[in-house]
Amino acid sequence: MSRERVPLAMRLSERFGNWAVRQLAREIEVSGFEHIPQHGPLLLVSNHISWVDPVLLACWLTPATGRPIAWMGKAEAMRWPVLGWFLRKNGVFGVRRGAADLEAFRLAERVLNEGRILGIYPEGTRSPDGRLRPFRDGAALLALRSGVPVFPVAVSGTDGLWRKGSLLPRRVPRVTLAIGPQVALPVASGHRPDLAAVSAAMHDAVAALLPASNRP
């Protein structure tokens, strides 16, 4: 997908977000963008320690690949007048946490069927202590049903930049963003896919990219 296909709202948000993160982090280390294909659908599975995480990923990955990212976000945020509008303009669609949201799942499948990038946080919410939590089965089911390549993403340092429950951000010495090679998903046994095994493979791939302080 060419750079021109990235919507204007995303490009403007990308520039502002890039500037904002650089004001708050003295050092930003990114790696692994070479793993991301330039074409075709793919699923990004990431740890989640701060609401800054998707900003960091989108603002560095979008210019590196010229490809916009669609995100699954919490439905509550989408109902806020200004924030909801901003999130939708930046490719976010809501999913109800703690429920089987079939509409959101179908939207996620549509994104992948259209050959686009979808970002998802399989933990379901931000980690309260920065450590990687167990993955829910939704991401595994989506990967199995779509058959698209899955890539692990690991973010660290953003929990200090904007802690859960904090009203304002603060400066941190460093944030890191790492993308690993495609996850080798286990082959299903029998007639039913082993969601637990697929979730575990994704979880382990993300954990391997994290520093010890953020691992389970």
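## Strand pairing around β7

Two strands are taken as paired if DSSP finds at least two bridges between them, and in this predicted model that criterion applies to strand β7, where the bridge partner of Ile28 is Val175. Strand β1, which covers residues 25-31, is joined to β7 by six bridges, and these two strands run parallel. Strands β6 and β7, by contrast, run antiparallel and are joined by four bridges, with Ser156 standing opposite Thr176 in β7.

Strand β7 itself spans residues 172-179 and is mostly covered, since six of its eight residues are buried.

## Strand β5 and its partner β2

Strand β5 is covered on both faces: Ile117 and Gly119 on one side, and Leu118 and Ile120 on the other, are all buried. Strand β2, made up of residues 42-46, pairs with β5 in the parallel sense over four bridges, and within this pairing Gly119 of β5 is the bridge partner of Leu44.

## Helix α6 and its surroundings

In helix α6 the buried residues are Ala139, Ala140, Leu142 and Ala143. Viewed down the axis of α6, these buried residues fall within an arc of 160°, and they therefore line one face of the helix. The elements against which they pack are the strands β2, β5 and β6 (150-156), together with the helices α5 (102-113) and α8 (195-209). Just after α6, Gly147 adopts a positive phi of about 70°.

## Aromatic pairs

Two aromatic pairs are found in the structure. In one of them, the ring centres of Phe16 and Trp19 are 5.9 Å apart and the ring planes stand at 35°, so this pair is classed as tilted. Both Phe16 and Trp19 belong to helix α1 (residues 8-24), where they are three residues apart, or about one turn of the helix. Phe16 has a relative accessible area of 55% and is exposed, because the exposed class begins over 50%.

Trp71 and Tyr121 form an aromatic pair that is stacked, with a centre-to-centre distance of 5.8 Å and 10° between the planes. Trp71 is located in strand β3 (residues 69-74), whereas Tyr121 is in the loop between β5 (117-120) and α6 (137-146), so the pair ties together parts that are 50 residues apart in sequence. Both Trp71 and Tyr121 are buried.

Notes. Residues numbered from 1 in each chain as written. Predicted model: local features only at pLDDT ≥ 70, side-chain atom pairs only at ≥ 80, totals over all residues. Heavy atoms only, no water. Phe/Tyr/Trp six-rings, centres within 6.5 Å; stacked < 30°, edge-to-face > 60°. Buried < 20%, exposed > 50% of the residue type's maximum accessible area, 1.4 Å probe, protein only. Arc of directions from axis to C-beta. Contact = heavy atoms within 4.5 Å.
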